[in-house]
Amino acid sequence: MLQNKSIWLLAFVFFVVGALFCMNDVIFPYAKDYFGLSYFQATLIQLTFYFVYLPFPFWVSRLVDKYGYKLSVVSAIVITVTGCLTFYISYIFSSFSVLLGAIFIISTGIMILNVAANPYATLLGPPEQSQLRINFVQVFSRIGYAITPVLGNYLVGTSTNDQPLIYLPYLLLAIVFVVLLFAMKLLNMPSYKDENIDNSSFSSIIKKAFTIKQLYWGALAMFFYVGAEACTASFFINYCLETKANMSEAGIYLSWYYILAGVGGFAAIYILKYVSAGKVIGVFSGIIVMLVIMVIVNPSYLFPFPMILIGFFLAALFPTIFGMAIEGLGGFTNQGSALVSIAIAGGALFPPLQGLLADNFSVHFSYIVPAFCFLMISIYGITSQSHLVKRNF
């Protein structure tokens with residue numbers, strides 16, 4: 001698998017996607033302070049980013065069926081680059097509304113990538129290694145997460161007339177994406193296309209999905225997972241600032257959070273060779289619940305270790321939940337992937353709830369929201385099974 005150049009190129013696509021996801025967490029405190037927002041108002045960043053997943057993945061899956069995986073990935077990259085460039089307009093006009101518009105465009109591109117690129121990864125090699133390939137490319141998204149807080153904070157914090165340069169990291173990421181587009185052209189990546197396109201209506205697909213236990217429970221787990229991850233990362237810097245760290249230290253702590261997420265992702269690839277996916281999800285989520293409880297209690301002598309350690313156990317959850325949900329769906333894989341992607345809209349619901357608690361109580365106490373989400377995921381993992389356990393890598 002590691003000799004597969006297409007997998008490596010797709011992995012670098014996910015690297016940029018990870019960096020873009022993390023930029024939401026980086027600009028959150030800057031936007032809150034610069035535009036004079038409450039925590040609840042600042043969570044419009046997350047709401048805008050994740051709301052895209054509610055109405056569109058089903059229609060995107062139809063386009064993927066019609067035009068193939070490669071063209072869908074290329075189109076998604078072009079849309080994302082457009083959103084990145086729009087950040088410069090938000091800088092020129094100092095407009096939070098334009099910033100939200102840029103985030104919406106970026107999220108649309110990333111949503112298409114989630115619908116197309118994850119199943120694309122499962123097809124770029126032997127079926128028995130499908131979950132390993134998803135975990136492999138997702139590890140690169142974690143690497144993107146890991147380097148973004150320090151670099152992103154540095155670039156955004158290089159202010160001009162007290163206005164943070166919010167566009168600069170996005171401009172750099174747009175350039176990287178353009179380079180990847182040329183690489184995809186030179187490498188001539190395969191363009192898989194489903195010849196047996198399912199033209200069923202949305203309602204009939206939903207009805208069919210509810211006959212596939214692994215799919216609807218996996219989608220529900222994804223709903224809680226993305227909500228929990230968005231909450232944990234979005235309020236990370238503000239949690240550190242509320243405790244005893246400055247902005248620079250908070251950025252370093254967030255980087256370590258994502259560095260451990262990268263390590264955890266690689267560890268999960270090895271662990272999944274011998275342990276069922278359900279057990280990995282159940283145990284890792286249970287450990288995170290205990291760590292989040294420590295975050296809420298906030299024993300100062302342990303700060304920031306409970307927050308940072310969450311990253312290690314978090315990394316395996318998204319790709320493993322996704323892989324379990326669409327495992328063995330055959331011709332229904334695209335539709336199943338779209339339905340799981342719709343569940344990513346959980347990231348639009350839970351951060352505003354946490355923002356309300358942060359405004360009325362404290363950031364520390366607000367972490368009760370992701371604690372509840374991770375508890376639900378742990379229950380899902382404990383009660384779920386995956387028949388793919390031992391795999392060669």
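These legends accompany close-up views of a predicted model.

**View 1. The cis peptide bond at proline 304.**
Phenylalanine 303 and proline 304 are joined by a cis peptide bond. Its omega is about 5 degrees. Most peptide bonds are trans. Proline 304 sits in the loop that runs between α13 (277-297) and α14 (305-314).

Helix α5 has 25 residues. From first C-alpha to last, α5 reaches 37 Å, close to the 36 Å expected at 1.5 Å a residue. Just after α5 comes serine 94, with a positive phi of about 50 degrees. Most residues other than glycine have a negative phi. Serine 94 is not a glycine, yet its phi is positive. The residue belongs to the loop between α5 (69-93) and α6 (96-123). Serine 94 counts as partly exposed because its relative accessibility is 31%, between the 20% and 50% cut-offs.

**View 2. Asparagine 24 inside helix α1.**
Asparagine 24 is part of helix α1, residues 5-34. This side chain belongs to a buried residue: the relative accessible area of asparagine 24 is 2%. Leaving out residues up to four places away in sequence, asparagine 24 touches Ile45, Gln46, Phe49, Ile103 and Tyr170.

**View 3. Phenylalanine 87 and the largest nonpolar core.**
In soluble globular proteins, nonpolar side chains tend to be buried together. The largest nonpolar core of this model holds 140 residues. Phe87, Phe177 and Met222 touch the most other members. Helix α1 gives the most to this core, with 18 residues. Neighbours within four places in sequence aside, phenylalanine 87 is in contact with Ile27, Leu99, Ala102, Ile103, Ile106, Ile166, Tyr167 and Tyr170. Two of these names return from the view of asparagine 24, which also touches Ile103 and Tyr170.

Leu44, Leu47, Phe51, Leu54, Phe56, Trp59 and Phe104 make a nonpolar surface patch of about 640 Å². Helix α3 (residues 44-51) gives the most to the patch, with three residues. Leucine 47 lies in α3 and is one of the patch residues. Its relative accessible area is 31%, so leucine 47 is partly exposed.

**View 4. Leucine 63 on helix α4.**
Helix α4 spans residues 57-67 and includes leucine 63. At 47% relative accessibility, leucine 63 counts as partly exposed. Leucine 63 is in contact with Gly68 and Ser72, with neighbours within four places in sequence left aside. Serine 97 is 34 residues from leucine 63 along the chain, and 29 Å separate their C-alpha atoms.

**View 5. Valine 263 on helix α12.**
Valine 263 has its place in helix α12, residues 247-271. With 43% relative accessibility, valine 263 is partly exposed. Between valine 263 and proline 149 the C-alpha to C-alpha distance is 17 Å. In sequence, valine 263 and proline 149 are 114 residues apart.

**View 6. Leucine 272 in the loop between α12 and α13.**
The loop between α12 and α13 holds leucine 272. Leucine 272 is buried, because its relative accessible area of 1% is under the 20% cut-off. Leucine 272 and threonine 320 lie 48 residues apart in sequence. Their C-alpha atoms are 9.0 Å apart in space.

**View 7. Serine 366 at helix α18.**
Helix α18 covers residues 363-366, and serine 366 is in this helix. Serine 366 is buried, with a relative accessible area of 0%. Not counting residues up to four places away in sequence, serine 366 touches Gln354, Leu357 and Ala358.

**View 8. Leucine 375 on helix α19.**
Leucine 375 belongs to helix α19, residues 368-383. Leucine 375 is partly exposed, at 40% relative accessibility. Phenylalanine 14 lies 361 residues away from leucine 375 along the chain. The C-alpha atoms of leucine 375 and phenylalanine 14 are separated by 27 Å.

Technical notes. Residues are numbered from 1 along each chain as its sequence is written. This is a predicted model: local features need pLDDT of at least 70, side-chain atom pairs count only at pLDDT 80 or more; totals for chains, interfaces and linings use all residues. Side-chain values use heavy atoms; hydrogens and water are left out. Helices (H or I, at least four residues) and strands (E, at least two) are DSSP runs, numbered from the N terminus. Buried means under 20% relative accessible area, exposed over 50%, partly exposed in between (1.4 Å probe, protein chains only). The expected span of a helix is 1.5 Å times one less than its number of residues. Contact means heavy atoms within 4.5 Å. Patches are made of residues with over 30% relative accessible area and no salt bridge: like charges are joined within 9 Å, nonpolar side chains (Val, Leu, Ile, Met, Phe, Trp, Tyr) within 5 Å. Accessible areas come from the Shrake-Rupley method with a 1.4 Å probe; for residues, only the protein chains shown count as cover. A salt bridge is a side-chain nitrogen of Lys or Arg within 4 Å of a carboxyl oxygen of Asp or Glu. A nonpolar core is a set of buried Ala, Val, Leu, Ile, Met, Phe, Trp, Tyr and Cys residues joined through side-chain atoms within 4.5 Å.
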